[in-house]
Amino acid sequence: MYDYDLLVVGSANADLVIGVERRPGAGETVLGSDLAVHPGGKGANQAVAAARLGARTALLARVGDDSYGRLLLDSQRTAGVDTVGVLVGGAPTGVALITVDPSGDNSIVVSPGANGKLTSADVTAAACLFQASRVVSTQLEIPLETVVEVVRSLTPDSRFVLNPSPPQPLPPEVLAACDPLIVNEHEAKVVLGDTCVSDRPEDWARLLLAKGPRSVVVTLGAEGALVADGREVTRVPSVKVDAVDTTGAGDAFTAALAFRLGSGASLAEAAAYAARVGAAAVTKEGAQVSFPTAEEAEAVCGGLPEDAAPDGGSAAGRTPGTKGGPDDSSGTPQRGEAL
């Protein structure tokens with residue numbers, strides 16, 4: 001019996017958000033809205049998103065001994081995340097500088113801070129968390145060597161989910177553990193490198209599988225997502241909503257998918273649910289404060305996306321009662337943060 005449905009190993013940042021009419025060009029200054037400070041970071045976001053959906057969730061991360069660190073710890077505990085694995089000190093809390101334009105599109109610059117101090121030794125010391133967790137999820141806002149140690153700490157029966165963001169080439173040991181590897185178009189091309197010889201997302205999925213992952217999810221914004229497990233490539237349609245702010249939408253998608261996989265859903269079923277959760281998240285401002293409960297996700301669009309279509313087959317069309325909106329790469333129709 002597992003104590004946790006999901007263990008997230010990753011970053012925790014304070015998001016400093018300013019609304020702008022447009023992004024400044026080089027050497028240009030533009031005026032923006034009042035500064036808003038929110039708890040964020042891809043790891044902390046995923047943990048909160050999963051917990052709000054009802055997952056028993058733990059977070060392994062590092063924050064600074066400062067006001068931003070306390071903000072992040074309070075947010076995790078309020079959402080119901082077990083923070084026994086959150087380490088304090090070593091560097092100031094990581095900070096993300098975010099601008100959001102009127103369409104909901106965002107640009108992000110991250111100062112890693114304490115995230116860069118989450119070490120392989122910290123992972124080793126948290127062995128009990130790995131033994132107690134059904135699914136383990138991580139990203140690349142922590143050192144790659146720490147991610148490698150996460151893979152080495154997995155139990156034989158646990159499932160590993162990786163969103164390689166920000167993207168970089170991955171060692172074979174990490175790729176082989178992914179089930180799934182979750183990428184958007186940009187991340188897929190970075191991971192594939194010179195082997196990206198096609199413009200077809202279906203081919204990206206197959207080429208990524210050939211690199212070693214047990215399964216792959218490629219998110220395609222308004223076109224939904226592709227899931228591949230070695231037997232077939234299945235298209236999962238997006239859920240149409242009016243986007244307000246896409247910050248954190250990809251993290252909500254990943255958390256929902258990981259949670260559903262741990263509960264026994266197929267990859268396509270989990271991705272369809274994740275698309276719904278990501279869509280609900282972009283209808284509110286902010287990252288963690290926008291993440292839906294299970295009931296709120298269920299209410300989006302009055303039903304799950306249409307049935308998936310194998311290997312590029314037609315799964316087009318909107319779910320009844322939905323509206324078109326800007327596009328994002330999290331499998332939900334919005335622009336901004338890539339998954």
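This is a predicted model: local features need pLDDT of at least 70, side-chain atom pairs count only at pLDDT 80 or more; totals for chains, interfaces and linings use all residues.
Visitor: Pockets to start with. What volume does the largest pocket have?
Guide: The largest pocket has a volume of about 430 Å³.

Visitor: Which residues lie nearest its centre?
Guide: Lys42, Val110, Glu141, Ser165 and Pro166 lie nearest the centre of the largest pocket, out of 25 residues that line it. The elements that give two or more residues to that lining are strand S2 (13-19), helix H1 (42-52), S6, strand S7 (106-111) and helix H7 (185-192).

Visitor: And how does the lining of the largest pocket divide by class?
Guide: The lining of the largest pocket has ten nonpolar, nine polar and six charged residues.

Visitor: What about the second largest pocket, how much space lies there?
Guide: About 190 Å³ lies in the second largest pocket. Its lining includes Val17, Ile18 and Gly19, along with Asp34, His38, Asp245 and Glu285. By class, that lining has five nonpolar, four polar and three charged residues.

Visitor: Which element gives the most to the lining of the second largest pocket?
Guide: S2 does, with three residues. Strand S3 (36-40) also supplies at least two residues of the lining of this second largest pocket.

Visitor: How many of the lining residues of the largest cavity are nonpolar, polar or charged?
Guide: Six are nonpolar, one is polar and none is charged.

Visitor: Switching to helices. Why is H5 described as largely enclosed?
Guide: Eight of the ten residues of helix H5 (residues 144-153) are buried, so the helix is largely enclosed by the rest of the structure. The buried residues are Leu144, Thr146, Val147, Val148, Glu149, Val150, Val151 and Ser153.

Visitor: What covers the buried residues of H5?
Guide: The cover includes strand S1 (4-9), strand S8 (133-138) and strand S9 (159-162), together with helix H3 (120-125), helix H4 (127-131) and helix H6 (172-177).

Visitor: You mention S1. Is Asp5 there buried or exposed?
Guide: Asp5 lies in strand S1 and counts as buried because its relative accessibility is 13%, under the 20% limit. Apart from neighbours within four places in sequence, Asp5 is in contact with Gly54, Ala55, Arg56, Arg134, Val135 and Phe259.

Visitor: Back to S6 for a moment. Where is Gly94 found, and what is Gly94 in contact with?
Guide: Gly94 is found in strand S6 (residues 94-100). Gly94 is buried, with a relative accessible area of 0%. Leaving out neighbours within four places in sequence, the contacts of Gly94 are Ala12, Asn13, Ala14, Ser111, Pro112, Gly113, Ala114 and Asn115.

Visitor: Last one, Ser290. Where is Ser290 found?
Guide: Ser290 is in the loop between helix H10 (267-281) and helix H11 (294-299). Ser290 is buried, at 1% relative accessible area.

Visitor: What does the side chain of Ser290 reach?
Guide: The side chain of Ser290 reaches the backbone oxygen of Ala281 at 3.2 Å. Beyond neighbours within four places in sequence, Ser290 is in contact with Ala280, Ala281, Lys284 and Glu285. The C-alpha atoms of Ser290 and Ala280 are separated by 7.9 Å, and these residues are ten apart along the chain.

Definitions and conventions:
Residues are numbered from 1 along each chain as its sequence is written. Side-chain values use heavy atoms; hydrogens and water are left out. Helices (H or I, at least four residues) and strands (E, at least two) are DSSP runs, numbered from the N terminus. Buried means under 20% relative accessible area, exposed over 50%, partly exposed in between (1.4 Å probe, protein chains only). Contact means heavy atoms within 4.5 Å. A polar contact is a pair of N or O atoms within 3.5 Å; within protein, one must be able to donate a hydrogen and the other to accept it, and residues adjacent in sequence count only if both atoms are side-chain atoms. Ala, Val, Leu, Ile, Met, Phe, Trp, Tyr, Cys and Pro count as nonpolar, Asp, Glu, Lys and Arg as charged, and the others, Gly among them, as polar. On a 1 Å grid over the protein atoms alone, a cavity is a set of points where a 1.4 Å probe fits but cannot get out, and a pocket is an open set with protein on both sides within 12 Å along at least five of seven lines; lining residues have an atom within 4 Å of a point. Grid points are joined across faces, edges and corners, and a volume is the space filled by probe spheres set on the points.
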